[in-house]
Amino acid sequence: MTFTLSQRSAHYTPSPIRELLNLTEQPGMISLAGGLPAPESFPVQALRSACVDVLDTQAQGALQYGPSEGIAPLREWVAAHLRAQGIEAQADEVLITSGSQQGLDLVGRVLIDPGSTVLVERPTYLGALQAFAPYGPRFADLDEDAGGALPTLDDPAHSGARMVYLQPNFRNPTGQTMTAARRTQWARALRGRSIALLEDNPYGDLWFDGPPPAPVAAQLPGQSLVLGTFSKVLSPGLRLGYVHGPHEVIAKMALARQAADLQTSSLTQRLVLKVLEGGLLDAQLPHIRALYRAQRDAMLAALSRHMPDSVHWDAPQGGMFIWLSLPQGADATALLPLALQRKVAYVPGTAFYAAGPAPRHTLRLSYATATPAQIETAIARLGEVFSAAHPPEPRHAPSALAA
């Protein structure tokens, strides 16, 4: 028979990043595409010991169903972690999720109706666009400058906005960090309006020279939802994240997730709580920051050596990504097959734009997984690809008349 699919299913489209990850299985491929944490950062021994301990002492609870909201001690740990960042948080305002991606989906389920206007940075996180799209929003781009997205809420294009989605810290895909002054501007602009702030913070702990400014949500209590994850600081395979927000919204999200997975793994929650209470995160983060800082420095140095003068980028102060701008008229999507022939993968920038024409001359590179030697090789190859596609204009000698 031919199945009649729902109209909503048409919005479930493949992620170009996930598709590119399949190419990393090819021998010799150096992937600068996916934002995968470095495997050497995974605390294998600590997790192994914690798993044995949990199964020895908490097996009955760890292997049983649990509350949809998450186990109480882990929710309290998250609340305390958020309070340390200046956010007014209580445990009953926290929902433990199966990765922060589930948190994005649940926000879409309870806050977005067909036609709801959702304001997003330009460019923005592809996974958020994928999570929200099935619920039928109208995406509207925010203008930005060096300080970050501009709170232009009186723009007619932003009229009736239901929610604004921001990633202030080391944003995916650009690596940009919103300034403290801009965060205050956002809090003032949103205060008193019927617009929810969704502040996504997967990379905030991955700073290099100093922590980023306080969250926007710290200045906007009762009007903010905050997403966090343990994927970037412990392991993505644990699939553990959280959402903080007003109690009535969190309660509705807990009901919504019961239709999907009932709860996040009881075993995983207890395992992560065990290592957190043992102080693993404090010991782990300096190692991860040093690792990613060295790999960022390797990529910045390689870009300076091998990229033509027409290619531009900024140095991120944390996170996993560098955003490249090729010369106007270049097409990063068209150049990708040439890069893949040279065994290098990246993500064309068009994937990260929600509304309006997407510039085709941008791309995202990740330095998180490749070694410094691999980064050097990959950037050298990309430099050759980009130089061949857009050679510099020849410099003409002065004419005799001009002389």
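Analyst: A residue counts as buried when its relative accessible area is under 20%. Over 50% is exposed, and anything in between is partly exposed. Keep those cut-offs at hand. This is a predicted model.

User: What share of the residues of the protein chain count as buried?

Analyst: Of its 403 residues, 52% do.

User: How compact is the protein chain for its length?

Analyst: Start with the elements. The protein chain has 12 helices and 15 strands. Its radius of gyration is 22 Å, close to the 22 Å that the globule rule gives for 403 residues, so the chain is as compact as a globular protein of that length. Along the principal axes, the C-alpha atoms fill a box of roughly 85 × 60 × 50 Å.

User: Now a helix. Which residues of helix H7 are buried?

Analyst: Helix H7 spans residues 180-190, and its buried residues are Arg182, Arg183, Trp186, Ala187, Ala189 and Leu190. Look down the axis of H7: these buried residues fall within an arc of 165°, so they line one face of the helix.

User: What covers the buried residues of H7?

Analyst: Several strands take part. The cover includes strand E5 (144-145), strand E6 (148-149), strand E7 (161-166) and strand E8 (196-200). Then check the end of the helix. Just after H7, Gly192 has a positive phi of about 90°.

User: How many salt bridges does the structure hold?

Analyst: There are 15. To count as one, a side-chain nitrogen of Lys or Arg must be within 4 Å of a carboxyl oxygen of Asp or Glu. Arg171 and Glu121 make such a pair, with their closest N and O atoms 4.0 Å apart. Arg171 lies in the loop between E7 and H7, while Glu121 lies in the loop between strand E3 (117-120) and helix H6 (126-132), so the pair ties together parts that are 50 residues apart in sequence.

User: Is Arg171 buried or exposed?

Analyst: Arg171 is buried, at a relative accessible area of 1%. Glu121 is buried too, at 2% relative accessibility. The pair also belongs to a network of salt bridges that links Glu121, Glu144 and Arg171.

User: Where do Arg342 and Glu384 lie?

Analyst: First, the bond itself. The side chains of Arg342 and Glu384 meet in a salt bridge, 2.8 Å from N to O. Arg342 is in the loop between helix H11 (332-341) and strand E13 (344-345), and Glu384 is in helix H12 (residues 372-389), so the pair ties together parts that are 42 residues apart in sequence. Arg342 counts as partly exposed at 33% relative accessibility. Glu384 is partly exposed at 44%.

User: Which residue forms a salt bridge with Arg296?

Analyst: Asp297 does, with the closest N and O atoms 2.8 Å apart. Arg296 is found in helix H10 (residues 280-306). Arg296 counts as buried at 6% relative accessibility, whereas Asp297 counts as partly exposed at 34%. Leaving out residues up to four places away in sequence, Arg296 touches Phe208, Pro316, Gln317 and Tyr367.

User: Which residue has a positive phi although it is not a glycine?

Analyst: Phe170 is one, at about 50°. Phe170 lies in the loop between E7 and H7 and counts as buried at 2% relative accessibility. Lys343 also has a positive phi, about 70°, without being a glycine. Lys343 lies in the loop between H11 and E13 and counts as partly exposed at 29%.

Terms used: Residues are numbered from 1 along each chain as its sequence is written. This is a predicted model: local features need pLDDT of at least 70, side-chain atom pairs count only at pLDDT 80 or more; totals for chains, interfaces and linings use all residues. Side-chain values use heavy atoms; hydrogens and water are left out. Buried means under 20% relative accessible area, exposed over 50%, partly exposed in between (1.4 Å probe, protein chains only). Helices (H or I, at least four residues) and strands (E, at least two) are DSSP runs, numbered from the N terminus. The arc is that of the directions from the helix axis to the C-beta atoms. Contact means heavy atoms within 4.5 Å. The radius of gyration is taken over C-alpha atoms; the globule rule is 2.2 Å times the number of residues to the power 0.38.
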